[in-house]
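Some notes follow for a colleague who has the model open. They are meant to be read alongside the coordinates.

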Amino acid sequence: MVLFFLAIALPGSAQQPLKTLLVGVDQRSVISLDGQWHYLVEQPPAGELYKADGKVRDNGYALNTHPNLYNRDPHNEEYDFATAPTLRVPGDWNTQEPSLFRFEGVVWYQRDFDLTPQPNTRTFLHIGAANYRSFVWVNQKRICDHEGGFTPFDCEVTAALKPGSNFVVIAVDSTRHADDIPSLVYDWFNYGGLTRDVSLVTLPEQFIDDYDVHLKHDSTFSPTVPQSLEGYVHVEGAPAGTPVTVRIPEAGIDLTLKTGVDGRAPFEAKAGRLTLWSPASPKLYKVDLRSGQDSLTDEIGFRDIRVDGTRILLNGQAIFLEGANMHAEAPYRGGRAYSQQDADNIFGFLKEMHANFVRLCHYPHDERMERTADRLGVMIWSEIPLWQRISFDKPEVYAKAAAMLNEMIRRDRNKASVILWSVSNETPNNPTRTEFLTNLANEARRLDSTRLITSALIGPHFVGNRAVQDDPLAQALDVVGQNEYVGWYDRRPEDADQIVWTLPQKPVIMSEFGSEAKQGNHGGIDQRWTEEQQVNVFQHQFVMIGKIPQIRGLAPWVLMDFRSPGRNIPGLQDGYNRKGLISETGQKKLAFQLFEETYKAHSVGKAE
Ligand code: GCU
């Protein structure tokens, strides 16, 4: 199977170390490399990483050599990881070291680790995410590079390892470029670093690197008929005919399969009456996969999600999504979210407001978010960071977008909670962009035909009080996301009452709406920045949204105030987007209570 990842060609090294994305790696026993890593900072042009021609240097800090301090040998290096300060991994560097708070550039990470390679095994360095570009060396040997700040990658280090003490050096470059995804400008904080778990994964020579186990997605679905499961297991390095077993004891499934020439063992199996995953019963089944020396057990929920006209059907039932948007920022401590505690805090707020849905914006979040949603029964909108303007006219940028999409879907394809893949947010309506995103939407369908494809469309155009959404991109979507800020960026709050929407005849999620309020700031409903004004905006929004026949979901912008460098009104924003229902320190605004009551009563919108 050809996997296209965001690899940059490695000059010279004969056998390219395998670079992949190990599905279910969080279910494997690994050697964690989380903890304190030494670091060194390089201002642009970062000559220890990049040569004058922009190509990557292998003989700079990657060598991890040490200066001749106490001998009479000629003066050599002017750096030393061994005595350098440390940063915690996982974690962004910005909120750990005050001098790096606004730093965008290259930070070199280094740590030693002990490992004695076992015969007939292969070892991978797993990186949960690193923002934005990262370059990896082990024992001075370049292993892999990756572009994209929000998806995992796994690089084979087998050939570079030696018995005993080894070291890894990773250069992470958070510099922004026009052809990046996202591009130069975006409304969130550019946290740099090794922002998610780093570990070593040792596997047998033939190992399960990818699998897909889902409810068979026929043209029709009825919860009353016995269901079937289908999917595949891919065994890396396996010759055709390699045995694979798939066992789901609780569903009475015990399959023995054989891989084909592509290393894949596809299957379909009757599963009788399964307890289908839903917010009311987030049932997960233990799925045991085995091939040769390798085995892995995952916990997977089975559910059917589809659209029927303007309805969204979960397991055949029409549903209404009551949720919120959330950036991957940690409540209370701030910085990039990465821990189970962060996930529990975020889902704690969602559950408190009776939400059954969350839009993880505008990029894939830590895998713990999906795992937690799977367990708690919260449905997820997952998105790749094609935020507003990117270089839609460049094929190389399309390749990046497709690779990010591939990584997002591959990591979370077995997560029942994920019901929507979003290919973009608020992108300019022009033919080049529409063709780019239509191709991307179809690529998402090719990769996963069991989920709904969406995108958050930019504001409508108005004809008097008629809001008309006729963006051609909607034709490529199963569900339309609509962002609008009537009452904040556009018109007065009460004007929303008069607005009548013209929207595609598809399920529509109001994927962003709201206004800013500084927590603790109180006053009249017409006084901007007060909590009362924010509630007022939402109440008028409910009047407008409640009249839209095809509305099938709500996601106010945003669950929690979040850092954004462009938000600089002193005393009100202070570097934060203040559209949260709660402050960044977890203090609820009046609007949180409004949503708690609204979602408890299901008083806005209908499933059909
Ligand atoms: C946009 C955008 C968000 C942004 C929000 C805002 O719609 O999608 O990323 O933060 O508006 O302006 O607050």
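This is a predicted model: local features need pLDDT of at least 70, side-chain atom pairs count only at pLDDT 80 or more; totals for chains, interfaces and linings use all residues.

The points below go through the ligand site, the aromatic contacts and the strands in turn.

1. Ligand surroundings. The ligand is surrounded by 14 residues. Asp187, Glu426, Tyr489, Glu512 and Lys579 are the closest of them.

2. In the side chain of Asp187, an N or O atom is 2.5 Å from an oxygen atom of the ligand. For the side chain of Lys579, the corresponding distance from an N or O atom to a ligand oxygen is 2.6 Å. Trp557 also contributes, with a polar side-chain atom 3.3 Å from an oxygen atom of the ligand. The ligand taken alone exposes 320 Å², and the protein buries 96% of that.

3. Aromatic pairs. The structure holds 28 aromatic pairs. One of them joins Phe513 and Phe595, a tilted pair with 6.4 Å between the centres and 50° between the planes. Phe513 belongs to the loop between strand E31 (508-512) and helix H5 (531-546), and Phe595 to helix H6 (residues 590-601), so this pair ties together parts that are 82 residues apart in sequence. Phe513 counts as buried because its relative accessibility is 0%. The relative accessible area of Phe595 is 0%, so Phe595 is buried as well.

4. A further partner for Phe595. Phe538 and Phe595 form an edge-to-face pair, at 4.8 Å centre to centre and 85° between the planes. Phe538 lies in helix H5 and Phe595 in helix H6, so the contact ties together parts that are 57 residues apart in sequence. Both Phe538 and Phe595 are buried.

5. Other ring contacts. One aromatic cluster is formed by Tyr61, Tyr79, Phe81, Trp108 and Trp137. Two arginines sit over rings: the charged end of Arg491 is over Phe462, 3.9 Å from the ring centre, and Arg528 lies over the face of Trp488, 4.3 Å from the ring centre.

6. Strand E12. Is strand E12 (residues 207-215) buried or exposed? Of its 9 residues, 9 are buried, so E12 is largely enclosed by the rest of the structure. E12 pairs with strand E13 (residues 227-236) in the antiparallel sense over 8 bridges. Within E13, Glu230 stands opposite His214.

7. Faces of strand E17. In a regular strand the side chains alternate between the two faces of the sheet.

8. Neighbours of strand E17. Which strands pair with E17? Strand E14 (residues 243-248) pairs with E17 in the antiparallel sense over 3 bridges. Strand E18 (residues 294-300) also pairs with E17 in the antiparallel sense, over 7 bridges. Asp288 in E17 stands opposite Arg247, and the bridge partner of Asp288 in E18 is Thr297.

9. The E17-E18 turn. The hairpin of E17 and E18 has 2 residues between the strands. In this hairpin, Gly292 takes a positive phi near 55°.

How values were computed. Residues are numbered from 1 along each chain as its sequence is written. Side-chain values use heavy atoms; hydrogens and water are left out. Rings of Phe, Tyr and Trp (its six-membered ring) pair if their centres lie within 6.5 Å; planes under 30 degrees apart count as stacked, over 60 as edge-to-face and the rest as tilted. Helices (H or I, at least four residues) and strands (E, at least two) are DSSP runs, numbered from the N terminus. Buried means under 20% relative accessible area, exposed over 50%, partly exposed in between (1.4 Å probe, protein chains only). A charge sits over a ring if NZ of Lys or CZ of Arg is within 6 Å of the ring centre and within 35 degrees of the ring normal. Two strands pair if DSSP finds at least two bridges between them. A residue is near a molecule or strand if one of its heavy atoms lies within 4 Å of it. A polar contact is a pair of N or O atoms within 3.5 Å; within protein, one must be able to donate a hydrogen and the other to accept it, and residues adjacent in sequence count only if both atoms are side-chain atoms. Accessible areas come from the Shrake-Rupley method with a 1.4 Å probe; for residues, only the protein chains shown count as cover.
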